[in-house]
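Reader: Could you walk me through the side-chain contacts in this model? I would enjoy going pair by pair.

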Amino acid sequence: MTAVYKSITASSAKSTTANGVPVKKNKQRVLILSSRGVTFRQRHLLNDLYVLLPHSRKDAKLDTKTKLYQLNELADLYNCNNVMFFEARKGKDLYIWMSKAPNGPTIKFHMQNLHTTSELHFPGNCLRGSRPILSFDATFNSAPHLILIKELLTHIFGVPKGARKTKPFVDHVMGFTIADGKIWIRCFEIRETAVSKSDARTQPMEDTEKEVVAVGEKGETKINLIEIGPRFLLTPIVILESSFGGPVIYENKEFVSPNQIRSELRLSKAGRYNQRAEQQIERKAKKGDLGLRTGKERPNGELEDRVLFA
């Protein structure tokens with residue numbers, strides 16, 4: 001009984017601060033799953049995100065694309081309070097639903113320019129199960145919907161301390177930048193090396209590397225940010241009040257559906273074809289009027305030889 005009492009008192013002491021205020025634990029779990037029809041690159045991207053998020057759980061593919069409220073039941077079944085659902089359309093387009101189950105909100109993104117870790121061949125690497133540092137652009141604080149997106153991204157990509165399968169190390173950074181109305185996401189490894197006297201500081205850095213020099217007690221250390229992957233960009237489309245449903249609280253008016261873009265391209269090509277067809281018909285009509293078409297006799301004019309010397 002003494003051992004049980006000591007363990008209970010130790011756990012209660014750890015859960016309170018020096019002032020007696022209880023410590024609020026960050027309990028976040030993410031459910032990652034996709035719909036049917038995803039391509040191999042989209043499936044590899046899902047696996048990369050699952051490896052980067054040790055507090056996530058991957059489930060089988062969802063059969064339906066209309067009854068998304070069933071994801072709330074799956075999240076409750078697996079004890080997850082965040083859902084990241086990959087919805088594939090026509091084998092070309094990929095949409096991501098990020099939701100805070102079970103009460104919401106829900107944000108729908110359109111994913112573009114996705115590149116997996118294996119196809120980028122970057123030299124960076126990080127420890128599996130380590131926690132990332134989330135770096136957000138200052139633009140996220142400029143609008144209410146961007147503040148909401150930042151909060152939801154923090155809950156999903158921020159690995160809580162002491163979560164299952166996590167290691168007590170921080171060795172990579174996830175950067176979220178807004179440009180042209182899109183959210184650019186990249187992942188970097190934090191590589192720290194000692195600076196030697198013969199280290200040449202004038203060497204050019206690669207595009208995937210950034211250099212920072214930090215001065216410590218024992219001297220200088222060189223910190224390089226080397227990209228790991230994956231990299232992709234997200235375009236916010238709509239924000240719903242509840243989880244996978246409810247009224248729309250934000251809608252991106254500047255977003256153009258990829259179906260509409262493909263339809264306009266087809267119409268432009270069809271317009272060029274119709275113009276060429278009309279030109280061919282007009283050319284044939286002119287040749288027919290002049291009698292230049294084969295198989296059609298030229299009409300007898302008043303100055304023809306057979307008319308004048310008839």
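**Rings and charges**

Author: Gladly! Ring pairs join Phe 136, Phe 140, Phe 157 and Phe 176 into a cluster; rings of Phe, Tyr and Trp (its six-membered ring) pair if their centres lie within 6.5 Å, and planes under 30 degrees apart count as stacked, over 60 as edge-to-face and the rest as tilted. This is a predicted model in which local features need pLDDT of at least 70, side-chain atom pairs count only at pLDDT 80 or more, and totals for chains, interfaces and linings use all residues. Residues are numbered from 1 along each chain as its sequence is written, and side-chain values use heavy atoms, with hydrogens and water left out.

Reader: How many aromatic pairs does the structure hold?

Author: Counting ring pairs in the structure gives a total of four.

Reader: What is the angle between the planes of Trp 97 and Phe 244?

Author: Trp 97 lies in strand β4 (residues 93-100) and Phe 244 in the loop between β11 (231-242) and β12 (245-251), so this pair ties together parts 147 residues apart in sequence; strands (E, at least two residues) and helices (H or I, at least four) are DSSP runs, numbered from the N terminus. Trp 97 is buried at 11% relative accessibility, where buried means under 20% relative accessible area, exposed over 50% and partly exposed in between (1.4 Å probe, protein chains only). Phe 244 is buried as well, at 10%. Their rings are 6.1 Å apart centre to centre and count as tilted, with an angle between the planes of 40°.

Reader: Are Phe 136 and Phe 176 stacked or tilted?

Author: Their ring centres are 4.7 Å apart, and 10° separates the planes, so by the cut-off of under 30 degrees the pair is stacked.

Reader: Which residue forms a salt bridge with Arg 41?

Author: A salt bridge is a side-chain nitrogen of Lys or Arg within 4 Å of a carboxyl oxygen of Asp or Glu. For Arg 41, the N to O distance to its partner is 3.0 Å, and that partner is Glu 119.

Reader: Which residue has Lys 108 over the face of its ring?

Author: A charge sits over a ring if NZ of Lys or CZ of Arg is within 6 Å of the ring centre and within 35 degrees of the ring normal. Lys 108 lies 4.8 Å from the ring centre of Tyr 95.
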